[in-house]
Amino acid sequence: MTQLPTPTNPLRIGTRGSALALAQAHETRDRLMAAHGLPAEAFQVVVIKTTGDRVLDRPLKDIGGKGLFTREIEEALAQGAIDIAVHSMKDMPTLQPEGLLIDCYLPREDVRDAFVSPGHDSISHLPHGAVVGSSSLRRRAQLAARRPDLRLVEFRGNVQTRLKKLQDGVAQATFLAMAGLSRLGMIHVARGAISPDEMLPAVAQGCIGVERRAADLGVAEMLAAIADRDAGLRVTAERAFLTRLDGSCQTPIAGLAEIQGDRLRLRGEILRPDGTQVIAGERVGALAEGAAMGTDLAAALLGRAPADFFV
């Protein structure tokens, strides 16, 4: 067994500073403590502010996409300022910097989207022309496909910021991830969870990934004790799907892999940003075939998309 961290030589855990990011970092720490019989003092949570946290007045797609929530953290990891980085996998770009990898996923939380509104029970109960806030291109496109009468406005910020915007009347409803609300102890905020059959979630939604330096085998051994096999199988399929699509914050993409006995079911869809066209499909195969299934499903959807679909 590799040498474990101690209070005088703690394992440094890099994370963003939002309440949700800190909850995820603490969950990772707590699982490592339990797996290795270590005290909390053997870990140090290091908060790193990212560009995505600093720039809140513009849509992500206008300032660089998903990497804005990870770049500074990954730089700190590569430079040795931290030992591991904890990420929401739905925020992760499909390509990682050379020398870094993610091969540890924590048990996956609820993958569904939450409908949040001070005065309405569900999407179908929203009045004609209601204002809905969301910064997610996927959620906006899916909502536009179902309710083209609604008015969509940009809604960035952490969970608390978005809830305050609702209270201030900026919008009549918004969407959050059930996983985030659960980790924050705020499930009561949701009017209800939206079935994946109604709104397919973002790729890797609800999954925490722990990133490390590829050459750091001691850390790899530590993380192996808390890695969840099923989460890894599912996220591998979903991210292969996303990779083949060259997915980013520029394109509305949804995907969900589910384990059904000894089989893996992968559903995916791509949408026009205005919701006027949705192209969806699915694959079912052996658990070990997730990556190939993801690539194949993405290729099939691309083959059905008209030439101007991604313009």
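Biologist: Which residue in strand 2 is the bridge partner of Arg-12?

Modeller: This is a predicted model, where local features need pLDDT of at least 70, side-chain atom pairs count only at pLDDT 80 or more, and totals for chains, interfaces and linings use all residues. Residues are numbered from 1 along each chain as its sequence is written, and side-chain values use heavy atoms, without hydrogens or water. Strand 1 (residues 11-15) runs parallel to strand 2, with 5 bridges between them. In strand 2, Arg-12 has as its bridge partner Gln-44.

Biologist: By how many degrees are neighbouring strands of the 3-stranded sheet turned against each other on average?

Modeller: This open sheet has the order 11-12-13 and antiparallel pairing. Angles run from 0 to 180 degrees between N-to-C directions, using lines fitted to C-alpha atoms, for helices over the stretch in contact. With direction ignored, the average turn is 15 degrees.

Biologist: Which helix packs on that sheet?

Modeller: Look at strand 12 (residues 263-271), joined to strand 11 by 8 bridges. There, Glu-269 stands opposite Ala-254. A helix touches strand 12 and strand 13, its direction making about 155 degrees with that of strand 13. It is helix 10 (residues 290-304).

Biologist: Which three residues supply 63% of the area that domain 2 buries against domain 3?

Modeller: Domain bounds come from an automatic or database assignment, which gives domain 2 as 113-193 and domain 3 as 242-304. The contact (heavy atoms within 4.5 Å) takes 6 residues from domain 2 and 13 residues from domain 3. Buried area (accessible area, 1.4 Å probe, lost when two parts are put together, summed over both) is about 590 Å², with 71% from carbon and sulfur atoms. More than any other three residues, the domain 2 share comes from Leu-137, Arg-138 and Ala-141.

Biologist: How many salt bridges cross the interface of domain 2 and domain 3?

Modeller: A salt bridge puts a side-chain nitrogen of Lys or Arg within 4 Å of a carboxyl oxygen of Asp or Glu. The whole structure has 23. Across this interface the count is 0.

Biologist: Which residue meets Arg-183 in a salt bridge?

Modeller: Side chains of opposite charge can pair when their charged atoms come close. Here the N to O distance is 3.5 Å. The pair links helix 7 (residues 178-183) and helix 1 (residues 19-36), with partners 156 residues apart. The partner of Arg-183 is Glu-27.

Note on methods. Two strands pair if DSSP finds at least two bridges between them. Helices (H or I, at least four residues) and strands (E, at least two) are DSSP runs, numbered from the N terminus.
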